[in-house]
Amino acid sequence: MSATRSAPAPTSTALAVFASLLLLVGPTSAGDPYAYFDWDVSYVSAAPLGVKQQVIGVNGQFPGPIVNVSTNWNVVVNVLNDLDEPLLITWNGIQHRKNCWQDGVLGTNCPIPSGWNWTYQFQVKDQIGSFFYFPSLNFHRAAGGYGGIIVNNRDVIAVPFDKPDGDFTVFIGDWYNKDHKDLRKALDDGKSLGMPDGVLINGKGPYRYNKTLVPAGIDYETINVHPGRTYRFRVHNVGISTSLNLRIQNHNMLLVETEGSYTVQQNYTNLDIHVGQSYSFLVTMDQNASSDYYIVASARFVNESLWRRVTGVAILRYSNSRGKASGPLPDPPQDLYDKTYSMNQARSIRWNLSAGAARPNPQGSFRYASINVTQQYLLRNEPPVMINGERRATLNGISYSPPETPLRLADQYTVKGVYTLDFPTRPLKGSPKLARSVINGTYRGFMEIIFQNNDTNVQTYHMDGYAFFVVGMDYGEWTEDSRGTYNKGDGVARCTTQVFPGAWTAILVSLDNVGIWNVRAQNLDTWYLGQEVYVRVVNPEDTNKTELPIPGNALYCGLLQKYQKEQVPHHSHFDAVLGCNRNVHVKFPVPSKL
């Protein structure tokens, strides 16, 4: 279980330091509360699968601390990069309304140099649910650096279920014993990563349910509960490329939320959770506790006999449990290659239209099917190809090659030639190529995107800055007639969707959030190899009401490196006033002048 750690009340000196930070960062919503966090991102030693290795921790924790806030709160996170490489943190699913400057990806931010710190500030606006953060550069997520984000409702907003008796954040994901730099080098050398060494649950290896498959001495996760109570489980697949099936032995999982949208409530005995996706379940402890119970996350769409050891196993322990869990794990779906089963599961996840929480509201209507589509893109991926002697991944025949100058920064300073606004609406004919081509989105337009997966593996795609409506998915090639199969009423609104191999997924998104926003494969290997694009959304009117100005502490790099100033060392500023307690979580009124 992961939980937010509270800190002592700040001293007057600490308040002054934080106030000065706010002035650096830029305009804020003064009437809403603030939460402050001070993070040291560094390497720590761990052996989750019994092999000692270097992982990425936040304040020495792996996984990192939880950001636990409420809707409309302002979040201030001061990040010290104690790695030996540049660093960025991205906030998976947080929309950063009018503020792509805080998105933490290369299209909008210069990396934080090694030894430097940078302060993120953003507001969690009208989002209630379960999200996570992770490092977005240099294959860092393969080494950790991730943690949970919980956005709670305000008291005036009703929740469509009773308050649970407890709240658990659960991270699942495939894991390699190799260092992330070795994995990165393998991709650079044109190799695939191969089968992972295991699946972690909350940064820990599997419970020893099988003495042949699981060696002795591995630390495993235990979640302690009380009989008769109901708990919320917020589950995130933070892995590299493996779709995982989650199940809790003898317990139903009542799905209630995904990535900020309340869902139609229905029970699942197991659910496929694809890379980068987040779900919330209510689980009632209604068993007799004759022993502990298994929590299992196992690989999908793989050879079962070869992948048996690639299984995450945690323990659910009742307070009146009479013994350890034993015997076989609960069964996965019968056919691990049965993609139809998984697709039908995905189609069954619907939007709860009667819930009282904030939800996407394009053009003032929840009837998204009646809104005219103004732009359409069919984004097709293929298996990795060779471009200029390098193994690359593509969308529409283009492999994105990030420039040294972030796209949004180039726009701010009218730097020409950094990128082009000519990303094709359909796959290019001819040889694939490297490019810095960007989608030119129409502000307040309504875009249809069809992800066509011509690879042999499940791909998941994410869009920063937005929640989109998942309206359809099926096998084969998408055609104009495929629109007849769309869900026109209660397609769930989320930020990450799976696309099955040999299949398509269609989404609709209202482009009402000004900025430059990343659309990427969440599969870390194909993302690293270039399977991403940016959508540029600009208000044609000359107004500052639809986008916040560049923050006062912006970092500069590439063609704008000359504007970068040396900074005050991080430790001298904060260690003195906070006593090295870096998980600061403080809420207090801020003067209106800030």
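## Charges over rings

A charge is taken to sit over a ring if NZ of Lys or CZ of Arg is within 6 Å of the ring centre and within 35 degrees of the ring normal. In this predicted model, the charged end of Arg520 sits over the ring of Trp527, 4.8 Å from its centre. Arg141 lies over the face of Phe134, at 4.8 Å from the ring centre.

## Basis of the model

Local features of this predicted model need pLDDT of at least 70, side-chain atom pairs count only at pLDDT 80 or more, and totals for chains, interfaces and linings use all residues. Residues are numbered from 1 along each chain as its sequence is written, and side-chain values use heavy atoms, with hydrogens and water left out.

## Aromatic pairs

The structure holds 32 aromatic pairs (rings of Phe, Tyr and Trp, the last by its six-membered ring, with centres within 6.5 Å; planes under 30 degrees apart count as stacked, over 60 as edge-to-face and the rest as tilted). Trp39 and Tyr133 form a tilted pair, 4.6 Å centre to centre with 35 degrees between the planes. This pair links distant parts of the chain, 94 residues apart: Trp39 in strand 1 and Tyr133 in strand 7 (strands are DSSP runs of E, at least two residues, numbered from the N terminus).

Trp39 counts as buried at 0% relative accessibility (buried means under 20% relative accessible area, exposed over 50%, partly exposed in between, with a 1.4 Å probe and protein chains only). Both Trp39 and Tyr133 belong to one aromatic cluster with Phe37, Trp91, Trp118, Tyr120 and Phe122.

## Backbone geometry

Phe139 has a positive phi of about 65 degrees although it is not a glycine. At 3% relative accessibility, Phe139 is buried.

How values were computed: Helices (H or I, at least four residues) and strands (E, at least two) are DSSP runs, numbered from the N terminus.
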